[in-house]
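Here are some notes for reading the structure shown below. They are set out as numbered points, to be read with the model in view.

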Amino acid sequence: MGEAWLATIPGVREGEALSRHSWYGIGGPARFFLEVGDDRVLDRLVPRLQQDGIPSFVLGAGSNTLIADRGLPGLTIKLRSEGVTLADGTVLVEAGTLMPALAARMARAGRTGLEFGAGVPGTVGASVYGNAGAFGVEVKDRLVEAEALDSQGRRHVIHAEACALGYRDSTFKQERRGWVVTRARFRVEPDDPARVRARILEVQKHRRDTQPVERRSLGSTFKNPPADAAGRLIDACGLKGRRVGGAEISLKHANFIVNRGQASAEDVLALIAEMRDRVRDRFGITLEPEIQFLGISPP
């Protein structure tokens with residue numbers, strides 16, 4: 001049957017424009033596309049995909065993922081599972097929950113520890129996958145455990161230490177590549193809701209002041225090298241404002257590539273290559289991409 005059986009799954013769409021599901025507004029059509037509100041459907045779906053050799057891709061908010069202009073083969077799965085359960089000292093969160101929404105909900109509940117999430121424009125699942133962080137706090141500082149589905153459809157609870165969270169890295173990018181994070185448990189502490197909201201406002205203001213939030217971007221293009229900042233190195237090369245097609249290196253922060261309208265993935269790749277090459281030639285430092293690539297290889 002090949003992959004024809006995918007068309008029989010309730011809710012599956014063919015040829016869905018992935019630009020509609022990317023914060024960046026870039027991405028061609030998905031061969032098959034499925035939004036998942038209840039991740040239990042993955043228990044049977046994931047092993048069948050593995051068995052039939054059908055490529056699959058998991059999207060959250062698409063806030064740090066560059067998707068190929070030609071689209072993606074196989075099945076693209078967008079996690080929509082949302083849910084927050086408070087317990088003593090922890091909160092269990094579904095993978096599709098947006099980090100800013102989680103931060104706001106914790107403020108209303110009078111819980112502190114996740115205010116940094118207001119500066120992470122992605123889902124909980126993706127944030128665990130990439131150990132996302134903002135303004136000095138990362139997922140690793142708050143994670144208790146993650147729940148994930150392996151390629152055989154088996155569910156696992158992985159304690160924070162075993163998640164091997166590093167700088168924008170985790171076991172889900174390494175030894176457990178291909179696993180799907182379905183929920184995460186974080187440590188939180190009681191606090192006055194007004195104070196928590198005030199800290200969230202500080203995070204949001206800092207983000208507005210330092211990042212080009214008025215335009216679509218994928219966040220930081222490159223990881224910071226040891227004891228330096230990628231943005232500083234790129235700026236020193238005189239690349240702020242450099243454009244290729246509809247993509248531009250931000251005038252506000254040189255480590256961001258903004259979509260000025262109708263940018264293509266190829267436009268962005270060209271700028272990434274130029275940023276990397278110019279920094280390497282001038283400083284002898286090879287920058288490592290922080291963003292993820294779907295359907296295309298890093299330049």
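Predicted model: local features only at pLDDT ≥ 70, side-chain atom pairs only at ≥ 80, totals over all residues.

1. Overall form. The protein has 299 residues, and a compact globule with that number of residues would have a radius of gyration near 19 Å. The protein has 19 Å, so the value agrees with a compact globule. Along the principal axes, the C-alpha trace spans about 55 × 50 × 30 Å.

2. Secondary structure and contacts. The protein contains 6 helices and 19 strands. Among contacts with a separation of 6 or more, 64% are between residues 24 or more positions apart.

3. Inside and surface. Of the 299 residues, 52% count as buried.

4. Salt bridges in general. Side chains of opposite charge can pair when their charged atoms come close. How many salt bridges does the structure hold? The count is 35. The next points take up some of them.

5. Arg-40 and Asp-38. The side chains of these two residues form a salt bridge, with 2.6 Å from N to O. Is Arg-40 buried or exposed? Arg-40 has a relative accessible area of 58%, and residues over 50% count as exposed, so Arg-40 is exposed. Asp-38, at 33%, is partly exposed.

6. Helix 1. This helix covers residues 42–52 and includes both Asp-52 and Arg-48. The two residues are 4 residues apart, about one turn of the helix. Their side chains meet in a salt bridge of 3.0 Å, N to O. Asp-52 is partly exposed, with 30% relative accessibility, and Arg-48 is also partly exposed, with a relative accessible area of 30%.

7. A salt bridge joins Lys-205 to Asp-209, and their closest N and O atoms are 2.7 Å apart. Lys-205 is partly exposed at 46% relative accessibility, and Asp-209 is partly exposed at 46% as well.

8. A network. Salt bridges that share partners link Asp-39, Asp-43, Glu-94, Glu-147, Arg-155 and Arg-183 into one network.

Notes. Residues numbered from 1 in each chain as written. Heavy atoms only, no water. Salt bridge = Lys/Arg side-chain N within 4 Å of Asp/Glu carboxyl O. Buried < 20%, exposed > 50% of the residue type's maximum accessible area, 1.4 Å probe, protein only. Rg over C-alpha atoms; globule rule 2.2 N^0.38 Å. Contact = heavy atoms within 4.5 Å.
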